[in-house]
Amino acid sequence: MAEKAVSNDFHPIPQTPLSDKKVQLTYDPETKTTKLYVIVTVGGVQTAKSELYNNGIWNTAGQSQISDDDERKKIHQKIIDNFESNKKNYPKGLPEFVTKNTPSQDTITGGGTQPSQPQGALNISIDTINNLLGILTLDPNKINEKLKFGNVDEVIKGYKNLQYPIDALYGGTQDHLVISMFKYKPPAQDALFKKDGFKNIINNGLPRGTPLKEYINSVKLPMPNSISDSNNVSWGEGEGMNNLSAAITSYISQNLPTAVTGQGALAALGKTAGMDTKTLALLFTVSQLDANIRDPKVQTLLNTAISSKLIENLGFSVSPETILARGFGIVPNSNIELLFNSPTLRDFSFQYRLSPRSKDEAEKVNQIIRFFKQGMAAKKLDGRGGAQSYFLGTPNVFKLRYRTEGNKQISGVNKIKVCALTGFSVNYAADGNWAAYDEGQPVSSIINMSFKELEPIYDTDYQEDILNGRSSTDFKSTGDLDPIGPNDVGY
């Protein structure tokens, strides 16, 4: 005796627009085999039949078709209940999984079965997951203890009196530029990884500390021949907002509870009635605006907005503006205006010709060049040349200060925030041909430095009231902000 259909519509299943799908339950009393099939029909004609389930076990097609594990368990129990309640119809007996009330099973890759669970789920315990998550929780202090970068900075620390020319009276009567090198510290690290730091961030914003961790050394150079700055902010043409979108924005921002519950109810209504949810939501919101819908202006704007939504549902993209422009030769007033986007980061470039006049000065020139080259290089964990490194550390960063007599900052030129050295080039044949002293020391070299500030300029930077830990007291200080007096040019 072949299998027979117990039910041709045993359980509801998600439908597709062009076809009809039903779940068929069958039973073969001779072999005591129970199966579920999905049968697809188009225009009343069966086009496909696929097996989903066999005697309590879901195959891969069944798991794909009924992806929710709770739903598969529910259908499995429904099958058991169906047989139990109709025992008299099966005198030759019931399937074994029914009599033993065996839980729903899923076929797994490579053969075998397992209890039904979400498709692709891992068979892993909650304790294992919690232990893994506990191990993966980051503690920046412990990480910093184990990850030591910058061992070779000790060479640069050992350089003495890095200045050019070596006989310049820096700190006396001669104005000059001091470039100090520091180890980098992530300025938001304390806020991001501090216990319950997220509470402060969400309520007050992300705090920023100094990016300077430890002073390494400094170079003193003459005042550049060209000193300039360029402060810029980014503005852009704001996204258009016509009168309908402006009114809806105003309404929703002031009536969030009504908007949320209203749209939720409309989503359910649209699903039940087979209507477009977005169009219903638009109509509902417009109905709350107290709009004079008999006004031709309002009618035109609403009609084209709704028409555009309905056309979109058919797979075409026609904006309300296009409908108005082509149909009436008008467009909505988009209320365009220039809007502030963001601050920008400043760049600074310097060029120096270094022409040593003695062996001692040549050594200083070489050390100055190495100071910048090594300082801007990415750091490795292992201090040996050629060694591997699991992570790379941030290069050193630089504080630039224009100084005058008594090492005071020059108030008449711009201040510069902490910078990264993004580019450094050297021309060792500065005059267009090679010229050298004994042992090949270049007679003259030209260095070009490109710096970029780590932080934008804000209005609050133009004052003397600075947060603790960020005020810079001298060129060795790990504070990164200079107090700006009333007579200073500032940043």
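Two strands pair if DSSP finds at least two bridges between them. What you see is a predicted model, where local features need pLDDT of at least 70, side-chain atom pairs count only at pLDDT 80 or more, and totals for chains, interfaces and linings use all residues. Residues are numbered from 1 along each chain as its sequence is written, and side-chain values use heavy atoms, with hydrogens and water left out.

Now the sheet. Seven strands form an open sheet in the order S1-S2-S3-S4-S5-S6-S7, with mixed pairing. Strand S1 (4-7) and strand S7 (113-115) stand at the edges with a single partner strand each, so one side of each has no neighbour in the sheet.

Within that sheet, look at S3 (residues 33-42) and S4 (residues 45-54), which pair in the antiparallel sense over eight bridges. Threonine 41 stands opposite glutamine 46 in S4, and leucine 36 stands opposite tyrosine 53. This hairpin has two residues between the strands, and glycine 43 takes a positive phi near 60 degrees there.

S4 also pairs with strand S5 (residues 57-58), antiparallel, over two bridges. Here tyrosine 53 stands opposite tryptophan 58. The hairpin of S4 and S5 again has two residues between the strands, and asparagine 55 takes a positive phi near 50 degrees.

Next, the cores. By buried I mean under 20% relative accessible area; exposed is over 50%, and partly exposed is in between (1.4 Å probe, protein chains only). A nonpolar core is a set of buried Ala, Val, Leu, Ile, Met, Phe, Trp, Tyr and Cys residues joined through side-chain atoms within 4.5 Å. The largest one has 32 residues, and Ile179, Phe350, Phe372, Phe398, Leu400, Met449 and Phe451 touch the most other members. Elements giving two or more residues to this core include strand S8 (176-184), helix H14 (359-375) and strand S15 (397-403). H14 supplies the largest share, five residues. A second, separate core of 19 residues includes Leu25, Ile79, Tyr90 and Leu94.

Stay with S15. It pairs with S8 in the antiparallel sense over seven bridges, and tyrosine 402 in S15 is the bridge partner of leucine 177. Which side of S15 is covered? Both faces are: Val397, Lys399, Arg401 and Arg403 on one side, and Phe398, Leu400 and Tyr402 on the other, are all buried.

That brings us to lysine 399, which sits in S15.

The lysine 399 side chain does reach backbone oxygens: that of serine 477 at 2.6 Å, and that of aspartate 474, which lies 3.4 Å from one of its polar atoms. Both are polar contacts, meaning pairs of N or O atoms within 3.5 Å; within protein, one must be able to donate a hydrogen and the other to accept it, and residues adjacent in sequence count only if both atoms are side-chain atoms.

Note on methods:
Helix = DSSP H or I, 4+ residues; strand = E, 2+ residues; numbered from the N terminus.
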